[in-house]
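Keep the structure open while you read, and look up each residue as it comes along.

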Amino acid sequence: MNAKKVIIDCDPGIDDALALMLALSSPELDVLGITIVSGNVSADKGVNNALKILKWMNRTDIPVYLGERLPLVREYVNAEDTHGEDGLGESGYESPDDLSYHTDAVSFLSQSLLNAASSGDFISIIALGPMTNIARLIQTCPESLCGLSELVSMGGNYKSHGNCSPVAEYNYWCDPHAARLVYEAFETNPLLSGKPIHMVGLDVTRKIVLTPNLLEYICQISPEVGEHIRRITRFYFDFHWKQEQVIGCVINDPLAIAYFIDRSLCHGFLTYTTVETEGLCMGQTIVDAFDFWKKKKNSIVLTHTDAFRFMCFFIGRICHKDSSQMEPVLRQIMEVRP
Ligand code: BDR
Ligand code: CA
């Protein structure tokens with residue numbers, strides 16, 4: 001199989017951890033590196049968490065790069081209320097002091113893309129956190145964008161309400177100026193023409209709820225994997241109950257990975273999108289679905305997903321099981337008719 005080359009830009013983060021588990025269990029992906037940005041936790045804690053995940057996945061061959069510590073303009077606000085002070089749900093995994101990481105994620109991104117452009121083997125970026133690293137890449141080395149195949153961004157919301165303000169999703173709210181700059185580049189930069197951003201926002205990710213029953217099932221079929229997930233999601237479960245009266249937790253980031261691999265898991269429409277950077281609506285995605293502004297369409301905004309098919313895909317991959325054999329039990333757990 002010709003695996004697609006990807007760089008995963010993230011802020012681990014509990015659901016980032018699950019997304020990395022999925023990516024590293026998927027033969028369709030060749031993960032060239034993991035770049036870290038401040039988001040759920042500071043970039044320094046995020047690097048540490050990425051290394052912990054690589055350690056338990058036995059994939060310490062994948063390089064980790066420390067990226068931007070602060071948003072472009074606004075003050076930095078973490079999401080430790082959601083992900084715990086350590087970013088992994090107060091799970092107490094030991095710091096992997098024996099493992100090293102690299103600095104300068106933005107240079108790694110630009111160098112990788114420039115090399116890809118000259119070899120013709122393009123690279124995709126899956127962004128699972130605030131887009132500060134991507135914005136800095138665009139500011140400092142726009143010519144490298146000719147090596148980009150696709151950008152998939154978990155962030156934003158179209159018809160769904162926000163998750164950190166009435167109207168804003170966390171990744172875009174945390175660094176709204178970066179998000180706006182990236183969407184603008186996909187409107188105006190000729191190197192990005194015909195390559196819209198795939199926006200995997202709350203309209204689709206809210207449908208992806210890891211319930212206690214699904215977690216129990218994972219623990220039954222794959223105790224070791226289940227134990228990691230149980231350990232990091234306890235805090236996230238509690239947060240979801242207190243904040244939204246959800247039993248279980250919404251796992252946003254793995255959907256972006258799954259969609260990158262299998263496009264039939266979500267669908268949406270091609271449109272122009274921008275991001276509000278100031279005031280009450282800071283971080284809100286403005287989606288011009290009815291083409292009022294006649295702007296160049298810079299995004300595919302996803303609006304529908306099949307949560308059952310996603311769960312079969314996700315659990316099958318991370319537990320290394322044949323998903324077709326899991327379907328009857330998953331139908332029962334998720335109350336989906338055949
Ligand atoms: C996004 O924000 C973070 O809390 C999650 O990791 C996800 O990337 C959801 O709004
Ligand atoms: Ca994230």
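Sorted by class, the residues around the second largest pocket come out as six nonpolar, four polar and two charged. That pocket holds about 240 Å³ of space. Keep in mind that you're looking at a predicted model.

**The second largest pocket**

- If you want to find the second largest pocket on screen, pick out its lining: Met21, Leu24, Ser25, Trp56, Met57, Arg59, Ser222, Glu224, Val225, His228, Ile318 and His320.
- Two elements, α1 and α10, each give two or more residues to that lining.
- Of the elements, α10 gives the most to the second largest pocket, with three residues.

**The largest pocket**

- Now for the largest pocket, which has a volume of about 410 Å³.
- Its lining takes 28 residues, and the ones nearest the centre are Thr82, His83, Asn163, Tyr170 and Phe239.
- Which element gives the most to the lining of the largest pocket? That's α10, with five residues.
- By class, the lining of the largest pocket splits into 11 nonpolar, nine polar and eight charged residues.

**The cavity**

- Rolling a probe the size of a water molecule over the atoms shows where empty space is left.
- Here the structure holds one cavity of 30 Å³ or more, and about 30 Å³ of space lies in the largest cavity.
- The residues that line the largest cavity are Ile125, Ile134, Leu137, Ile138, Leu145, Leu148, Leu151 and Phe186.
- How does that lining divide into nonpolar, polar and charged residues, and how many are there of each? You get eight nonpolar, no polar and no charged.
- Both α5 and β5 (148-154) supply at least two residues of the cavity lining, and α5 gives the most, with three residues.

**Aromatic pairs**

- A pair of aromatic rings is described by the distance of the centres and the angle of the planes.
- The count for this model comes to seven aromatic pairs.
- One of them is formed by tyrosine 65 and phenylalanine 108, which are stacked, with 3.9 Å centre to centre and 10° between the planes.
- This pair ties together distant parts of the chain, as tyrosine 65 is in strand β3 (residues 64-66) and phenylalanine 108 is in helix α4 (residues 105-119), 43 residues apart.
- Are tyrosine 65 and phenylalanine 108 buried or exposed? Both are buried.
- Phenylalanine 108 has a relative accessible area of 13%, and it counts as buried because the cut-off is under 20%.
- Phenylalanine 108 and isoleucine 7 are 101 residues apart in sequence, yet 9.8 Å apart in space, C-alpha to C-alpha.
- Tyrosine 272 and tryptophan 293 form another aromatic pair, this one edge-to-face, with 6.1 Å centre to centre and 75° between the planes.
- That pair also links distant parts of the chain: tyrosine 272 is in strand β9 (residues 266-275), while tryptophan 293 is in the loop between β10 (285-288) and β11 (299-305), 21 residues apart.
- Tyrosine 272 is buried, with a relative accessible area of 6%, whereas tryptophan 293 is partly exposed, with 46%.

**Charges over rings**

- Look at lysine 4, whose charged end sits over the ring of phenylalanine 260, 4.7 Å from its centre.
- Arginine 263 has its charged end over the ring of tyrosine 259, 5.0 Å from the ring's centre.

**The calcium ion (ligand 2)**

- Which protein donors does the calcium ion (ligand 2) have? They are Asp11 (OD), Asp16 (OD), Asp16 (OD), Leu128 (O) and Asp253 (OD), and they lie 2.3 to 2.6 Å from the ion.
- Along the chain, the donors of the calcium ion follow the spacing D-x4-D-x111-L-x124-D.
- Aspartate 16 and leucine 128 are both buried.

Technical notes. Residues numbered from 1 in each chain as written. Chains lettered and ligands numbered in written order. Predicted model: local features only at pLDDT ≥ 70, side-chain atom pairs only at ≥ 80, totals over all residues. Heavy atoms only, no water. Phe/Tyr/Trp six-rings, centres within 6.5 Å; stacked < 30°, edge-to-face > 60°. Helix = DSSP H or I, 4+ residues; strand = E, 2+ residues; numbered from the N terminus. Buried < 20%, exposed > 50% of the residue type's maximum accessible area, 1.4 Å probe, protein only. Lys NZ or Arg CZ within 6 Å of the ring centre and 35° of its normal. Donors = N, O, S within 2.8 Å, 3.2 Å for Na, K, Ca; no water. 1 Å grid on protein atoms, 1.4 Å probe; cavity = no way out; pocket = protein on both sides within 12 Å on 5 of 7 lines; lining within 4 Å. Points joined across faces, edges and corners; volume = space filled by probe spheres on them. Nonpolar A, V, L, I, M, F, W, Y, C, P; charged D, E, K, R; others polar.
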